[in-house]
Amino acid sequence: MGDRRVDRIVRLLQGREGRAAIKDLLTELRREEDYPDLPPQSIYIAITQENDRLNEQGERTRFVTSREGEARGWVRLREETEIISGSEATEIERSVKKQNEDIDGDIREWLRGMDWRTFESTFLARVLEALGFQDVEITQATRDGGADARVKYRRGIVEARAIVSAKRWTTRTVPVDEVRQLRGIKGEEDTAIIVSTGQFSSDAKSEAQPGQNQRIVYLIDGDKLVDICKRHQIGVKKVPLPELLVLDPEVKEVKTERLPRPDLDNSGTVEKVASPMRRLRDETLGDSDQGLSPEEIAELSGYSLGTVRSYLSDERRLKTLGDAIREDSQAREKALAIIARKRRGN
């Protein structure tokens, strides 16, 4: 498959109005990837990694999920924005989003203009260190297609070694020969990495797949390289913005009505401020008469009834139920409608 698993998940969710059960997503992914034994954890791993990636870049995460396993779990696409429609922050958010999208092109332009010696030495070292490699040793700069770096990776008692080749190519696709050549270089490294500003041919991608008693080859193409630069602030800088205060909808939508005052005749009136309920309060959870019953919470949040009852008795987990409903616009509106109906006595 040409796209990433997370991209396939997004596409499948978009075809289901933004939300789907884990079991349904799993069925579709197994069929598309021709992987009948694909575990449900693969979905959670894919969306968690994507959310972490976006969070590191200062961007909005894409997914909200309920970790109830294959049977009851669900995942949905997060709303595009949490900013109140028409507020002063809308234009600011739009400008920031456009800048973050445009930065990809700026990074590519910077890489295209970089001297190949710098790319294969200083820049390559920063990328490898950002990826968690230690003891980065840049070899003598050459243009013979050999190894440009040798690195180690240690986690606990586990140590691995890798050989690295850098390709600052902007007009050519990296061919399969480059993968074969790097795999064939003698050394004790069990892993190879090719870092390129361009793309890899389909043959190169196929050749890079691990085979029996062969050195594994990882491919980092131009898109992944840009992503690494953004995540680890290589050539870019994350700039914190001051907090912006806007009026809450409950304030902006306050309504008034004229009511008789009991101490005056009918001509004397006062204004009564009537603020409709706009937010789901945690204290309404578990209140079957004036709020949401455990059964209603289970239906709206996607959690099992047993889990809901357990969370309702735990103050630390109570907010989890409220957040699950608040973060789903449709569930939130249904919850508020249920509470409003109960308070009217209907």
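## Ground rules

This is a predicted model, so to speak a computed one: local features need pLDDT of at least 70, side-chain atom pairs count only at pLDDT 80 or more, and totals for chains, interfaces and linings use all residues. Residues are numbered from 1 along each chain as its sequence is written, and side-chain values use heavy atoms, with hydrogens and water left out.

## The sheet

Let's start with the open sheet: five strands in the order S4-S5-S6-S7-S8, with mixed pairing. Strands S4 (134-138) and S8 (216-220) sit at the edges with a single partner strand each, so one side of each has no neighbour in the sheet. On average, neighbouring strands here are turned by 20° against each other, direction ignored. Strands (E, at least two residues) and helices (H or I, at least four) are DSSP runs numbered from the N terminus, and two strands pair if DSSP finds at least two bridges between them.

Further in, S6 (residues 158-167) and S7 (residues 191-196) run parallel and are joined by six bridges. Val164 has Ile193 in S7 as its bridge partner.

## Helices across the sheet

Helix H6 (residues 116-130) lies across S4, S5 (149-155), S6 and S7, at about 165° to S4. Helix H7 (residues 176-184) lies across S6, S7 and S8, at about 145° to S7. Angles run from 0 to 180 degrees between N-to-C directions, using axes fitted to C-alpha atoms, for helices over the stretch in contact.

Which residues of H7 are buried? They are Val176, Glu178, Val179, Leu182 and Arg183. Seen down the axis of H7, these fall within an arc of 160° (taken from the directions from the axis to the C-beta atoms), so they line one face of the helix. They pack against S6, S7, helix H8 (202-208) and S8, where contact means heavy atoms within 4.5 Å.

## The H11–H12 pair

H11 (residues 294-301) and H12 (residues 305-312) pack at about 115°, with axes 9 Å apart. The contact involves Pro294, Glu295, Ile297, Ala298 and Ser301 of H11, plus Leu305, Val308, Arg309 and Leu312 of H12.

## Asp287

Asp287 is in the loop between strand S10 (269-274) and H11. Asp287 is partly exposed, at 29% relative accessible area; buried means under 20%, exposed over 50%, and partly exposed in between (1.4 Å probe, protein chains only).

Leaving out residues up to four places away in sequence, Asp287 touches Leu292, Ser293 and Lys342. Asp287 and Ile339 are 52 residues apart in sequence and 9.6 Å apart in space, C-alpha to C-alpha.
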